[in-house]
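Here is a friendly walk through one protein chain, feature by feature. Please keep the sequence and the 3D view open as you read.

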Amino acid sequence: MTSVSLAATASYLPERWMTAAEIAERSAIPERVLVEKFGLRGKHIAAEDEHVSDLSVRAAERLVSESGVDPDELDVVMYYGSMWKDYSVWQAAPWIAHRIGATRAYAVEYDNVSCGTPVALRIARDMLRAEDELGSILVVAACRESYLLDYGNERSRFMFNFGDGAVAGLLVRDGARNELLGCHGITDGSFALQVKVPSGGSVSPNGGYRFLDVADPAEMKEGLDRVSLANFVAAARGALERSNATLADIGYLCGIHMKPSMHRALVAELGLEPHRAAYLDDTGHMSGVDPLFALDRAAREGRLNDGELVLMLAAGTGYTWAASVVRWGRGD
């Protein structure tokens, strides 16, 4: 079977950093609670004129510059980030491709929520395996959902960790390093209507509440408390089984930002030492960006070892839990 490699990654964070103290002032949640219970020291905030396409282009341009890839040689540019983009009914991928000079790339739009990274890697891998004429796919994601927060809405307080940023990854056929292995996902649609921006769709096209909201926080929390940890582990097991591996083979975890208690429980359930799992307490949660961003950061900091399996694990409202596995380095 054709192998697919994650040949390069890059990321971008907006200049402004909003501290936990600032969030506390706006939300009336004590700073100590934000730091200790939310696991949030601060997060980056996009400028008012800095949109999802702009964030994406910054990450993609950094990847192109560092990797030396010729944008004109890219076969596909896939946007897979936040569904809240520059315009409400619009595709970001063609505009991103144009701006980075990917003149012959086929633009694919897979905008999604927080489960984005593992699913995007799965789709891109399968495209490269299925179509012999494709040799490279640039995946890029961005989040600007800090602007969808109403800090006075207690129903949405678990989302006050949402920050802004972008990431890009280059997948290639038959690359020498960082092979993308198995992927797996689980969906529970009973949560589908819990988290949403109520206005702007066909149900309420011209009015209504224009920020992120939760229909029934108590019901959602009770439901997720029952299934979330088990589904995270099941998604991980599924991806590892498809990689001919087990939980014992995980070398490093790149997940989404979540509250510290859940993060610790997940790390323990996966059998990892705490220092072998990324935790993004200085960025908060950036929708589908988190796992690939965590991998890019870990690679730059020298935290990843040749031959080890990196688990990319995520969950997103809807509700979907998803995982992808990368064998870092040459795997010799």
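## A residue in strand β7

Leaving aside its neighbours within four places in sequence, which residues is V172 in contact with? This is a predicted model, and in it V172 touches S3, V4, S5, A7, L128, G135 and S136.

V172 has its place in strand β7. Is V172 buried or exposed? Its relative accessible area is 17%, and buried means under 20%, so V172 counts as buried.

## Helix α8 and what covers it

Let us turn to helix α8, which spans residues 290–300. Eight of its eleven residues are buried, so α8 is largely enclosed by the rest of the structure. Those buried residues are D290, P291, L292, F293, A294, L295, D296 and A298. What covers the buried residues of α8? The cover includes the strands β1 (4–12), β6 (136–143), β7 (165–173), β11 (250–254) and β12, together with helix α5 (116–130).

Just after α8, G302 takes a positive phi of about 75°. In the loop between α7 (260–269) and α8 lies S287, which has a positive phi of about 50° although it is not a glycine. S287 is buried, with a relative accessible area of 2%.

## Strand β13 and its partners

Strand β13 covers residues 320–327 and is mostly covered itself, with seven of its eight residues buried. Which way do β12 and β13 run? Strand β12 (residues 309–316) and β13 are antiparallel and are joined by eight bridges.

The hairpin of β12 and β13 has three residues between the strands. One of the residues to look for in this hairpin is G318, with a positive phi near 150°. The peptide bond from G318 to Y319 is cis, and its omega is near 10°. Y319 is found in the loop between β12 and β13.

## Two helix pairs

Two packed helices are described by the angle between their axes and the distance between the axes. Take helix α3 (residues 52–67) and helix α4 (residues 93–100): they pack at an angle of about 45°, and their axes are 10 Å apart. The two helices are therefore oblique to each other, and α3 passes α4 in a right-handed crossing. On the α3 side the contact is made by S53, D54, S56, V57, A60 and E61, and on the α4 side by W95, I96, R99 and I100. How many residues of this contact are nonpolar, polar and charged? Five are nonpolar, two polar and three charged.

Now for helix α6 (residues 217–241) and α7, whose axes cross at roughly 40° and come within 10 Å. That angle makes α6 oblique to α7. The crossing of α6 past α7 is right-handed. Which residues of α6 and α7 meet? From α6 come S228, L229, F232 and V233, and from α7 come M262, A265, L266 and E269. The residues of this contact divide into six nonpolar, one polar and one charged. The spacing of contact residues along a helix can be read with one rule in mind: an α-helix has 3.6 residues a turn, so residues three or four places apart point the same way.

## An exposed loop residue

One last stop is A28, in the loop between α1 (20–27) and α2 (31–36). A28 is not a glycine, yet it has a positive phi of about 65°. Is A28 buried or exposed? Its relative accessibility is 70%, so A28 counts as exposed. S287, by contrast, is buried at 2%.

Note on methods
Residues are numbered from 1 along each chain as its sequence is written. This is a predicted model: local features need pLDDT of at least 70, side-chain atom pairs count only at pLDDT 80 or more; totals for chains, interfaces and linings use all residues. Side-chain values use heavy atoms; hydrogens and water are left out. Axes are lines fitted to C-alpha atoms, for helices over the stretch in contact, and angles run from 0 to 180 degrees between N-to-C directions. Helices (H or I, at least four residues) and strands (E, at least two) are DSSP runs, numbered from the N terminus. Angles under 35 degrees count as roughly parallel, over 145 as roughly antiparallel, 65 to 115 as roughly perpendicular and the rest as oblique. A crossing is left-handed if the near helix is turned anticlockwise from the far one by less than a right angle, and right-handed if clockwise. Contact means heavy atoms within 4.5 Å. Ala, Val, Leu, Ile, Met, Phe, Trp, Tyr, Cys and Pro count as nonpolar, Asp, Glu, Lys and Arg as charged, and the others, Gly among them, as polar. Buried means under 20% relative accessible area, exposed over 50%, partly exposed in between (1.4 Å probe, protein chains only). Two strands pair if DSSP finds at least two bridges between them.
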